Amino acid sequence: MRLKTRITALSATLLIFILAASCAGKKGPAGGGPEPTLTKKEMQAAAERLAAEASPGWQTISMPASVRVNNSSLPRVSGTLTMVRDRDIRLSIRFLGMEMGALAVTDDSIKGYIKLKRVYVCESIRDLLGGYPATVGNLQSLLLDRLFTIGDATPDLSGASLTATGDNSFSILPRVKAGEPTYSFGVEMPEGRISSLTMSHKGRKAGVAYSGSPSGDLTLEATASSGGKTAVSASIELQAGRARIDDQSVNSRPFAIPQGYSRLSAAALLNALGKL
């Protein structure tokens, strides 16, 4: 099987790697626009509401999803995203009705396999994040466009900076320790919804921009860059309008890599995708 065919099946895995590194969303308005009119009180109220709404009202969730690597000839691949609250994220990948592979994310690792090529990926979460203590719950919040603070079970706004970025938008910059990556959420008013998440650390940047539909479906546009150059860009569409909440068929069966598969590193995957 050609390299592009293999990468097509791995594109969904790539997006989770981008999200695991946290994620460049919508840019603020260009200079010369109207002066911000939001008050500190309005921003604080919106931030507190987002924090209160961040606690998930589900134990398990399953929904159709599709993934595409942008600016490439690779087709969009579809599958099913399932999550067990604070425990794991799984994505089964299908193309033209055939299973191409599967992916599982836990607090310890990211594992995935590609059935037709008989290859697998197995990476430590902490290694991928440079030791940064993100939890699987944080990643679930990221996928569902919810406010979070990395490493915490619930959002912590103590010490967070709230800054107006436009006439009807502001950013939430959670407090971080010295030397840790910085990250911030963009919020659009008057809806008071999260529109983007950005992260930067040692010259590397990653981000996700969110957009929704009247049906409740959610689109995430994720990018990752290093040294000012875009490493990869991908999009994921979640059909939240067709989500199954607390369905007993969704559980956390052990995720097993089939025997006889060869290991493919995340670095090799990202390098190959960056050259397409």
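Predicted model: local features only at pLDDT ≥ 70, side-chain atom pairs only at ≥ 80, totals over all residues.

**Exercise 1.** Find the place of Pro 190 and describe the peptide bond from Met 189 to Pro 190.

*Solution.* Start with strand E9 (182-188) and strand E10 (193-201): Pro 190 is in the loop between them. Next, look at the bond that joins Met 189 to Pro 190; its omega is near 5°. That peptide bond is cis.

**Exercise 2.** Asp 86 has a positive phi, and so does Asp 145. Locate each residue and decide whether it is buried, partly exposed or exposed.

*Solution.* Begin with Asp 86, whose phi is near 60°. Asp 86 sits in the loop that links strand E2 (77-84) to strand E3 (88-95). Its relative accessibility is 45%, so Asp 86 counts as partly exposed. Now turn to Asp 145, which is not a glycine either and has a phi of about 60°. Asp 145 belongs to the loop between helix H4 (136-143) and strand E7 (161-166). Because buried means under 20% relative accessible area, Asp 145 counts as buried at 17%.

**Exercise 3.** Which residues touch the most other members of the largest nonpolar core?

*Solution.* The largest nonpolar core holds 47 residues. Within this core, Phe 170, Ile 172 and Leu 220 touch the most other members. Helix H2 (residues 40-53) gives the largest share of the core, five residues. Then zoom in on Phe 170: among the residues it touches are Leu 38, Met 43, Phe 185 and Val 187. Finally, look for a second, separate core of six residues, including Tyr 120 and Tyr 261.

Terms used
Residues numbered from 1 in each chain as written. Heavy atoms only, no water. Helix = DSSP H or I, 4+ residues; strand = E, 2+ residues; numbered from the N terminus. Buried < 20%, exposed > 50% of the residue type's maximum accessible area, 1.4 Å probe, protein only. Core = buried A, V, L, I, M, F, W, Y, C linked by side-chain atoms within 4.5 Å. Contact = heavy atoms within 4.5 Å. Lists of a residue's contacts leave out its neighbours within four places in sequence.
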